Amino acid sequence: MDFSVLKGLDFHDVNLHFHGLCLEAGKKDEAEGVQQISTVHAAALGHRSASVALSSTSVWRDRAGSWGWMLSAFILVNVLILGCALVSGSVFNGVQVSNTHLQVFLIIIIIPTTVWMLFYKAYTCREEEAVLYKDVHAGPVWLRGGLVLFGVCSLIMDVFKIAYYVGYTHCDSPVKIIFPVVQAVFILVQTYFLWLHAKDCVQVQRNITRCGLMLTLATNLMLWMTAVTEESLHQTVYPDSNANYTSRTLLLRAAAADGDSSCQCSHTSCSIFEHAYYYLYPFNIEYSLFASAMTYVMWKNVGRLVDDHPAHEHRFHLRDVLLGPAGGLVVLVAGIATFVVYEVDVLAEEPEKRDTALTMYYVTNTVTIILMTIFTLAGCVIFRLERREHASGKNPTRSLDMGLLVGSSMGQFTVSYFTIVAVLGMGVDGHVNALNLAWSILTVVELCLQNIFIIEGIRREPHHDVRRASIFSNLLALHAQEERRPSHIPMSPRSSIAIPVHKPLPWKRKLLKEISAFLLLSNIILWIMPAFGARPQFDNPIGTNFYEFHMWVAVVNIGLPFGIFYRMHSVASLFEVYLTS
């Protein structure tokens, strides 16, 4: 250090000089809400000019960042609104705006999205200092594993679609074959992209990256909206002129049926492929939602500087946990058996079998909901007794999880409350309507308690196993044993060796894991039944009779997809609660 510089400076300037030499701090950027970590070295005479330059650069970056946020948000809003208009037009006016026009629009947005992901992989992430930090909470391995699983099922669905529409090439638009091909390529590229880069906090090309991620999010939401619409139309029961309702085998309107009715398939396997790809729609729907959530977190992490502290790894194991998984498996098997019998009896088109199927369905779901309510209430009480602190700091993944959990539950709330009003308005006559009313009321209670339990679970700091082993090696005995050994046998190092001994979990942690495991498996069966075609809302005519058909079908087809997503999202969140408990 050159002390001659200090001559002629007053005490205040000297203080600034030493402060500038030693300053290393993490400053929080209020404009972007991220943690800034910077090191400033300034000489005494140039301290003020360096500060001015630093503040000017910060202001410029704030303005550029705001411009990027706004532009990417405009891309999302415009694509979604235009897409909603096209989806609505293809449903309510299949002549001027057909399903083919919607698929052309989807191809137009899928292609640039795929190109951008390839550009990011080939160029953006390879720049110097492009990804200085990674968000350890974003894209956990189980979430990426679910993305891969649903992606594989979506690829199989696209293959079945291609095989189905090949039979109509002589009389239908070739777009219906091009679209599943383009979607399959998009799924492959996006799955690879998110598996590698879901944790990235990009520091270069921020505006381009933000716009690309918003375009990717909009594309996934449009694919989700299209799949949900097609699945809802396929499962909707349309009334005829002679009755208030009709069975599912009559008057079903699939979204693919907007072409010429005289167009016949050229091979005999069309019906098989059609039924096969409709059964794979739930996996495609969940894939789009998983990808949307991971893309949104990446968008929030653009330009974010986070602490470089490693995350605590939580391994999945069922040690000391038995009753919860066993009870959940019983509920899962019973639910699958009920669902199979329900589907067979409802399709039989016999009123007696239909009533029996509805009774069995309501009883199974009511018992499941009662057990889930009891377990969830017990979990909430345990959380009140625990002394674990709530997690501090900003976490986009946790905020998104809580928002999606509460938001998607509104769909199930809507269907349940509309059902309650319809049953009470028409009168509770018969055991079928009484069970329907009980199931709807209990579902409302269970949703409230489960939301509280999951939110409390993901907001708590995870448990860390810091307990020391209870058995250690006896150094004196080991030393005596080594002296008695023959000379040709190598001696072990003379150090204290801790022998790992498993200690049972504390009762609070054990109960939380039991409860989480049971709720996880119960939510799986509550996802399977509606996702794969169980529609008691249409098989029971009380909703159609009370609200009229068009009102009731709008309530069910809007609320139920969100309820289905709520159950799958609860499965993912409960798995996280299980790991951190």
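**A walk from the surface to the core**

The chain exposes about 28900 Å², 66% of it supplied by carbon and sulfur atoms (Shrake-Rupley areas with a 1.4 Å probe; for residues, only the protein chains shown count as cover). This is a predicted model, in which local features need pLDDT of at least 70 and side-chain atom pairs count only at pLDDT 80 or more, while totals for chains, interfaces and linings use all residues. Residues are numbered from 1 along each chain as its sequence is written, and side-chain values use heavy atoms, with hydrogens and water left out.

Let's begin with the overall picture. The chain holds 17 helices and six strands (DSSP runs numbered from the N terminus: H or I of at least four residues for helices, E of at least two for strands). Of its 581 residues, 48% count as buried, meaning under 20% relative accessible area with a 1.4 Å probe, protein chains only.

Now step inside. The largest nonpolar core has 126 residues, and Leu 106, Phe 193, Met 222, Phe 453 and Trp 527 touch the most other members; such a core is a set of buried Ala, Val, Leu, Ile, Met, Phe, Trp, Tyr and Cys residues joined through side-chain atoms within 4.5 Å. Helix H17 (residues 549–580) gives this core its largest share, 16 residues. Leaving aside neighbours within four places in sequence, Phe 193 is in contact (heavy atoms within 4.5 Å) with residues including Trp 116, Tyr 120 and Met 298.

Finally, visit Thr 124, in the loop between helix H3 (99–122) and strand E3 (131–134). Thr 124 is buried, with a relative accessible area of 1%. Beyond four places in sequence, Thr 124 touches Phe 119, Ala 130, Val 202, Val 204, Gln 205 and Thr 209.

Definitions and conventions. Buried < 20%, exposed > 50% of the residue type's maximum accessible area, 1.4 Å probe, protein only.
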